[in-house]
Structures are given as C-alpha cells and as structure tokens.
Amino acid sequence: GAADKLLGQLPVRRLLSGQAAELAELGAEPCRAGSAWTWDGVRFRVLHPPQGAGWDGNDSSCVLAVENAAGGILLPGDIEAPAERALLAASGGELASRVLLAPHHGSATSSTPELVAAVRPEYVLYATGYRNRFGFPLAEVKQRWRAAGARGLATADTGAIEFRLGADGQLQGPWLTRQAQRRHWTHLPPELRNSPFFLQPGIQ
C-alpha cells in the first residue's frame, strides 16, 4: 500500500514484514517467531510466522506481543483461522492480553473460539473503514468477543484509539479521537479557532 509514504513520516531503523519480498525496495526483513527486544522498559515479541514455514498472504502477517508491567497488547495483523491454529499450538499459553487488535478486521475467517478463549482481552479493537464493503467487523465476531467479556471499539466509529501501558502497572485509556475532537474546527490553528466567528453563542 502506502508503505513508502508512511516511512517518509517516521524515523524507522528496521522494517519487518510477513511478506518482505513485496517491500524489498524499502529494505524489509522477514519477521520470524522468536525475535524479541526490549525498548524503554517495554518487551516486544514476534510470535508468528515461524522460521521456514510456508505461510503466504494474510496468514503470513507478523504477530506481535507488546508487554510491560501493565499487561499486554496483542497485534495479530490479518491472520485467519489456519494461522490462528498454528499460533495457538506454538504460543497458546502466552496469548492472554489486555488489549487485542482483532485479526483481519473482525472477519468471519478469523477470531476463532479457541483464540478468543486463549486471549480473553478487556478490549478488542477493530481497524475498519466507515461503511466498508465487507461489513467488518461482522456481528457474529463481535458477539464472540463480547461473550468473552471484551469491550469492542471500532475505528470506523471512534477514529483513532489510544491506550497507554503505564510503567506503574496501570492500563490507561481508551482515548477516542472522535470524542476528544468532536468538531472539525478542533483541527484549526489557534488564531482561527479563537476567532469571533467560532466564539459566537450558538455556533457549535
């Protein structure tokens, strides 16, 4: 997609991808289960795909666990049921997380009951576009996570979603962009936002 545009906006030292060959011109390296590093007191672990496995497409997505004293966030990319089964077989006892990004945007081909039981998050986040043509997240998937006790949030409804894993062990958030910035002029520079027009009574 727009990987080159994104990389142009961020200082990136190393790029890992489940399909590194498609990003070879950007210097991508394949992500492999077992890779781990610690940065500023936060531990990062790649859980999938395993070395030498022939995964392709969605199921080759990097699965990343992010953890500190406040607990964990699990980022499984676009994996579907076959990769979920492999992940459970390899790391099933290590998947419990406080926050989960729903695999494959909440599609019917992912979020199997077995994965739901292993992760049991407090929050499940759906990265979805407004009125997307696939209907993600699907109602049965949302119900599956809800039945496991997870609160669901979809970017199509909330905009960007922010959590903070506090060094004090507290999970802070969520902060939802569309609640914090409900009016389009929130994004205006101060000299316009504070102009007489926007300060008139009744203007909202």
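A search of the whole structure, a predicted model, finds one disulfide. The bond joins Cys 31 and Cys 62, with the two sulfur atoms 2.0 Å apart. The link of Cys 31 and Cys 62 is left-handed, with -100° about the S-S bond. The pair ties together distant parts of the chain, the two cysteines being 31 residues apart. Cys 31 sits in the loop between strand S2 (29-30) and strand S3 (36-39). Cys 62 sits in the loop between strand S4 (42-48) and strand S5 (63-68). Cys 62 has 24% and so counts as partly exposed.

S3 and S4 run antiparallel and are joined by four bridges. Trp 39 has Val 42 of S4 as its bridge partner. The two strands, S3 and S4, form a hairpin with two residues between them. In that turn, Asp 40 has a positive phi of about 55°. S4 also pairs with S5, again in the antiparallel sense. Five bridges connect S4 and S5. Here Arg 45 stands opposite Ala 65 in S5. S4 is mostly covered, with six of its seven residues buried.

Aromatic side chains were examined next. A pair of aromatic rings is described by the distance of the centres and the angle of the planes. The structure holds four aromatic pairs. One of them is formed by Trp 37 and Phe 44. The ring centres of Trp 37 and Phe 44 lie 5.5 Å apart and their planes meet at 10°, so the pair is stacked. An angle under 30 degrees is what counts as stacked. Trp 37 is partly exposed, because its relative accessibility is 32%. Phe 44 has a relative accessible area of 13% and is therefore buried. Ring pairs also bring in Trp 39, giving a cluster of Trp 37, Trp 39 and Phe 44.

Phe 134 and Phe 136 form another aromatic pair. This pair is stacked, at 5.4 Å centre to centre and 20° between the planes. Phe 134 is partly exposed, with a relative accessible area of 49%. Phe 136 counts as buried, at 17% relative accessibility. The cut-off for buried is under 20%.

A further hairpin involves strand S10 (residues 161-165) and strand S11 (residues 171-176). S10 and S11 pair in the antiparallel sense over four bridges. Ile 161 has Leu 176 of S11 as its bridge partner. Five residues lie between the strands of this hairpin. Gly 169 takes a positive phi near 95° there.

Finally, the surface carries a nonpolar patch made of Leu 6, Leu 10 and Val 12. Together, Leu 6, Leu 10 and Val 12 have about 270 Å² of accessible area. Leu 10 lies in the loop between helix H1 (3-7) and strand S1 (16-17). The relative accessible area of Leu 10 is 46%, so this residue is partly exposed.

Terms used
Residues are numbered from 1 along each chain as its sequence is written. This is a predicted model: local features need pLDDT of at least 70, side-chain atom pairs count only at pLDDT 80 or more; totals for chains, interfaces and linings use all residues. Side-chain values use heavy atoms; hydrogens and water are left out. A disulfide is a pair of cysteine sulfur atoms within 2.5 Å. Buried means under 20% relative accessible area, exposed over 50%, partly exposed in between (1.4 Å probe, protein chains only). Patches are made of residues with over 30% relative accessible area and no salt bridge: like charges are joined within 9 Å, nonpolar side chains (Val, Leu, Ile, Met, Phe, Trp, Tyr) within 5 Å. Accessible areas come from the Shrake-Rupley method with a 1.4 Å probe; for residues, only the protein chains shown count as cover. A salt bridge is a side-chain nitrogen of Lys or Arg within 4 Å of a carboxyl oxygen of Asp or Glu. Two strands pair if DSSP finds at least two bridges between them. Rings of Phe, Tyr and Trp (its six-membered ring) pair if their centres lie within 6.5 Å; planes under 30 degrees apart count as stacked, over 60 as edge-to-face and the rest as tilted.
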